Amino acid sequence: MGTEPSSTAPVAVAAKSTARTVAQHHQAVVGFLFGFFLVLLLYTTLSSPFGSPSSIHIFFDPTGRLGDHFLQSTPAMPTDPNTTAAPMSAPNNFTQGTKLDDGPKSNSTKKDEKRVQDDALGTDKNNRTETKFDGVQGGTTRQAGPVVVDDASDRMEEELIRQEIDQGGNKNHTNNTLGARRKPICDLSDPRYDICEISGDARAIGANRTVLYVPPAGDQGAESQEWSIRDQSRKHLVYINKVTVRALNASQAAPECTSRHAVPAVVFAMNGLTSNPWHDFSDVLIPLFLTARAFDGEVQLLVSDLQPWFVDKYRLILRNLSRHDIVDFNKDGGVRCHPLVVVGLRSHRDLGIDPARAPRNYTMLDFRFYVRDVYSLPPPTIHIPYKEAMMNSFAGGAAAGAMEQRRKPRLLLINRGRTRKFVNFPEIVAAVRDAGFEVIPVEPRRDLGVEELSRVVDSCDVIMGAHGAGLTNFFFLRTGAVMLQVVPWGHMEHPSMVFYGGPAREMRLRDVEYSIAAEESTLYDKYGKDHPVVRDPESIHKQGWQFGMRYYWIEQDIRLNVTRFTPTLQQVLRMVRE
């Protein structure tokens, strides 16, 4: 009988087949993973030179430890294959050696570069670039370890900085180098005045009315520039001769200094419309205060078209603004070298100051206090004379009180000598006395000493006069005193308020205006009630300012109707006694 096959044989065969299948799958998986790893390694190796959407830089400290490390993401962009390593700087310093298209940068970091740009190239509201020299030099760079520099990123940042500089509003188109002293900038944008500020090596030559800026020896390639401006507060006034401001380039020879000075200088004109007190203050003294006061006396005044009478009349103010000799610039034959020269005078408006534009936020009140201090008048805490006398009388007992009760408020009555004068002046004086005032009549003259006049005005509670320059003496009044302005015929209320009423209020004086009737003007007698000069002043003004000037400023005098005027006097008396 034959042998029967074993029942376990098929099972063994099946087991071997399964093992081979598993082995084959295992080899396939291992091969796939190995291939994937090779592909990934190859991809990583090939892609690293070209950058990635977000590259990660790890910074090590100088000791080699992964100490205070941080992650820094940089924008995706192609990098320069010739990337070099540079020492890492501390914050706020940038890497040495980076250059702008228009000149070398100072040694500091890019953050400092932006700070320097903001400080040295600040643009004001007139789109005028101002030069500042504080903090231009970068701080010392601290070595902290190696870091890879992304040249493409640097170039993009440089381009952005260059664009910002180009948009800085440099109206004079000067080619400047970051970190270096900038050439003088003449600001011609203001509708009232032009001004130049020359900082660095500034040389003033009075013989030809010229101020030069001499660039440093290393300032190569800068173009020469020139400006010609009127060096007072009214840029369109033809009576003012012009001063030339010239920026030399490195190749131009500069005249040698005949005198060197450690203080700044201000070049300005004294002529023009001066000799009228209103213009003396509005055109010269207030603008000079705005321009020179911040120097606290350490400034020299170089005066073109010097007026000896002006220097003598306002000598106390001029000596206070400058502790140095006043120089007759036109007659000065030397080359005066100063670290800073300002040519021209700043002016905000007629007989006014805009605190937002003034150094140290000066106001008209500050200017009045300043003038009173210069002329040694009582401090701002002292009341108007009438109130001060009343207070002293109460403190002095019954006898003193009885004497002071008979004291009247003092009124300074100004009578103009030529135009807009009071033709019935004696009658007006009597009416003011009858109203209860002590009258101090005065007719201002150019040769009247300001020191003496200031003390007279300070002793009064009220200053009264027709619209005109004599009212400019309100600078010597005390706080709370009254300015009584008689407004001539011819729609003169607006200029009366702008030129005197507004400034008086800004200086904490009380402003009262009395507008005369047509019958109180001598124009009524001269032309008759039906003439347009009397009947329709607006039609005269529409013909041009010269017509208004002719009739209402020059031809007109005033005959006050004292009966009509008395209620205004009574109003002022009540204000003083309050």
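**A helix and a loop threonine**

Analyst: The buried residues of α7 are Met364, Leu365, Phe367, Arg368, Tyr370, Val371, Arg372 and Val374. Buried means under 20% relative accessible area, exposed over 50%, partly exposed in between (1.4 Å probe, protein chains only). Helices (H or I, at least four residues) and strands (E, at least two) are DSSP runs, numbered from the N terminus. This is a predicted model: local features need pLDDT of at least 70, side-chain atom pairs count only at pLDDT 80 or more, and totals for chains, interfaces and linings use all residues. Residues are numbered from 1 along each chain as its sequence is written, and side-chain values use heavy atoms, with hydrogens and water left out.

User: How many of the 11 residues of α7 are buried?

Analyst: Helix α7 spans residues 364-374 and is mostly covered. Its cover includes α4 (277-292), α6 (315-321), α11 (450-458) and α12 (493-506).

User: Is Thr472 buried or exposed?

Analyst: Thr472 is found in the loop between β19 (462-466) and β20 (482-487). Its relative accessible area is 2%, so Thr472 is buried.

User: Which residues is Thr472 in contact with, leaving aside its neighbours within four places in sequence?

Analyst: Contact means heavy atoms within 4.5 Å. Leaving aside neighbours within four places in sequence, the partners of Thr472 are Pro277, Trp278, Phe281 and Tyr500.

User: What share of the 578 residues in the protein is buried?

Analyst: The protein has 17 helices and 21 strands. Of its 578 residues, the buried share is 47%.
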